[in-house]
Amino acid sequence: MSVFELKKGESAYIKKCAVTGSAEARLKSLGIVSGKKITLLAYSLFKSSVLISCGAVRLAIRKAVAESIEVEKCA
């Protein structure tokens with residue numbers, strides 16, 4: 001499942017991040033890498049982007065990027 005498939009308030013662990021280019025560098029520099037726990041905080045008005053948190057970082061990412069991040073829900 002991808003980050004975009006999570007419901008508001010759900011947490012998950014990142015399994016694989018299939019993002020490339022500058023978006024990949026940005027995510028890595030902010031600590032959003034495999035094994036980290038993220039929480040989906042909110043969707044934008046027309047679900048074109050999502051707001052996620054990872055540790056002390058809050059980040060808005062586009063739908064395409066969110067769909068490229070594979071996650072596993074927390075038990």
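**Surface, fold and core of the predicted chain**

The chain exposes about 4,600 Å², of which carbon and sulfur atoms supply 53% (Shrake-Rupley method, 1.4 Å probe; for residues, only the protein chains shown count as cover). The model is predicted, with local features needing pLDDT of at least 70 and side-chain atom pairs counting only at pLDDT 80 or more, while totals for chains, interfaces and linings use all residues. Residues are numbered from 1 along each chain as its sequence is written, and side-chain values use heavy atoms, leaving out hydrogens and water.

Two helices and five strands make up the secondary structure (DSSP runs numbered from the N terminus: H or I of at least four residues, E of at least two). Along the sequence, these elements follow the pattern β-α-β-β-β-α-β. The C-alpha trace spans about 30 × 25 × 25 Å along its principal axes.

Turning to the interior, 31% of the 75 residues count as buried (under 20% relative accessible area, 1.4 Å probe, protein chains only). The largest nonpolar core has 20 residues, such a core being a set of buried Ala, Val, Leu, Ile, Met, Phe, Trp, Tyr and Cys residues joined through side-chain atoms within 4.5 Å. V3, L27, V50, I61, I69 and V71 touch the most other members. The largest share, three residues, comes from β3.

Leaving aside residues up to four places away in sequence, I61 touches L27, S49, V50, I52, A66 and I69 (contact: heavy atoms within 4.5 Å). With the same exclusion, S2 touches A66, E67, I69, E70 and V71. S2 lies in the segment before β1 (11–17) and counts as buried because its relative accessibility is 7%.

Definitions and conventions: Buried < 20%, exposed > 50% of the residue type's maximum accessible area, 1.4 Å probe, protein only.
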